[in-house]
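Dear colleague,

Please find the structure below, handed over for your records.

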There are 2 protein chains.
Amino acid sequence: MELINSTKAFDGLQQQYRHSSRLLNCPMVFSVFLPQDKEGDTIRKYPVLYWLSGLTCTDENFSQKAGAQRLAAELGIILVVPDTSPRGDGVADDSAYDLGQGAGFYVNATQEPWRQHYRMYDYIVDELPQLIEMHFPTNNRRGIFGHSMGGHGALVIGMRNPQRYQSVSAFSPICNPIACPWGEKALGAYLGADAQSWENYDATVLIGRAVEHLPILVSQGDQDQFLGKQLKPHALQIAAEASGYPLKLEHHQGYDHSYYFIASFIEEHLRFHADFLLKIDA
Amino acid sequence: MELINSTKAFDGLQQQYRHSSRLLNCPMVFSVFLPQDKEGDTIRKYPVLYWLSGLTCTDENFSQKAGAQRLAAELGIILVVPDTSPRGDGVADDSAYDLGQGAGFYVNATQEPWRQHYRMYDYIVDELPQLIEMHFPTNNRRGIFGHSMGGHGALVIGMRNPQRYQSVSAFSPICNPIACPWGEKALGAYLGADAQSWENYDATVLIGRAVEHLPILVSQGDQDQFLGKQLKPHALQIAAEASGYPLKLEHHQGYDHSYYFIASFIEEHLRFHADFLLKIDA
């Protein structure tokens, strides 16, 4: 693991690392915020909150624009921000913004030409946490959240691994990818024509089948340009109500799909996760 | 004045406008944050805090990265973020990052080929505030702050116009441009070889000569890669002590020149300005 840069922020350290991913079969970059850089504090261990970004993003968008470090520093939470896909000249790509590099959709691809590198689901669930927990002062608590495609990723990964995460949240997530243009295109390319194989990557399907319940918060702006066609939080809500999943879905009047929406409510999301990540087991 | 975009943020509006600048002789873009978008609130008027950005920046860097809107919304302050130079195909430029477009240095150029467009000093002091105060619900209070080249601009413009501003602050400012490589290059190009004409744009010279005192806060990271060669806060401090100017200069251990430094201390700066901008005249 190679340190690319390290910058002090909010009394902690904002860092960027590169590592060779065994699963993705290419070098990967991620960002991490460590709540403090004080020396001699070797006892304290922190929970980790993973942020999954949306289409076209790298690890830098959230790190620079969301304003999450202030709260992570105050609450004592490590933030980890992976990239949104494998990258590099040898990695399959597509000229569209919503497929290939920058658009991994947090799935394990089974189809050519994607399956050699596009295993973002396993990378986020297994490889990256192993790396993080080996190198940083973590305890055994994890939360996961994200935006848009990354909100989809956070909901799916959280619900499929309730034993690994204490809490899940999402801004403007793609709630029902098996039934929207972004999802149909990406899942069809990565997983093939058999739409039944897509269901394991659909939050609306999963929330209707879930047995174990995690705390979930979803925030959605009502002026989001992708709301009706791509995001479909209403489908998620109906499925949650049908199955009795205690989903907390908040609609915010006037807000759009941008990072200004995320920045406006990042404090609420950090405090939501903190309630579960910092809880002392009785 | 043309609205380019408008996004809700922190219960207010983050907007971007384009207007035709008479002084700069080209179209100019600026960003503005308005603390609330609630209708029917026609009585309340806000003070305006102007942010001057550093080399290579546009109006977007601060708007996206500093996290200032949260405090501006809470405190009730309008933020205005101009571009760092005139722009466009017809505007003189240089291939270096530290001269020409993106590097106006907040001076009125007297030399060819700059003098037709590069009048950023007058633009910030006169034309932009006139436009802002015509179109937005402002009261008669103004503060000014900035970063690096923009910290230089804020200090110079504030000290030369103490009747127009209530408060001044700067992150990592170029404190003594007549005696550093960035300043010598830019002031030489824009103002010509006569170094005496540069002194009106040098915060260290001005603080030594000032009669009227404004509240000034300067924040500087001690791991800033430009500290010794380009920024020289020590020179400003010595001049302030010699003339009895009550400068508040803070050194922050471990911080560098980046926006992560700004984000870490933006709350302190907003609250500093609020003390003077929101004060009720007794």
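Helix packing and the chain interface

The helices α3(B) and α4(B) cross in a right-handed manner (the near helix is turned clockwise from the far one by less than a right angle; helices are DSSP runs of H or I, at least four residues, numbered from the N terminus). The model is predicted: local features need pLDDT of at least 70 and side-chain atom pairs pLDDT 80 or more, while totals for chains, interfaces and linings use all residues. Residues are numbered from 1 along each chain as written, chains are lettered from A and ligands numbered from 1 in written order, and side-chain values use heavy atoms, without hydrogens and water.

The contact (heavy atoms within 4.5 Å) is made by B:Tyr121, B:Ile124 and B:Val125 of α3(B) with B:Val156, B:Ile157 and B:Arg160 of α4(B).

In chain A, the axes of α3 (residues 120–135) and α4 (residues 149–160) come within 11 Å and cross at roughly 55° (axes are lines fitted to C-alpha atoms over the stretch in contact, with angles from 0 to 180 degrees between N-to-C directions).

Between the chains, 19 residues of chain A contact 19 residues of chain B. The two chains bury about 1800 Å², 53% of it on carbon and sulfur atoms (accessible area, 1.4 Å probe, lost on being put together, summed over both). On the chain A side, A:Lys8, A:Gln64 and A:Tyr260 lose the most area to chain B, together 37% of what that side buries.

Yours sincerely

Technical notes
Helices (H or I, at least four residues) and strands (E, at least two) are DSSP runs, numbered from the N terminus.
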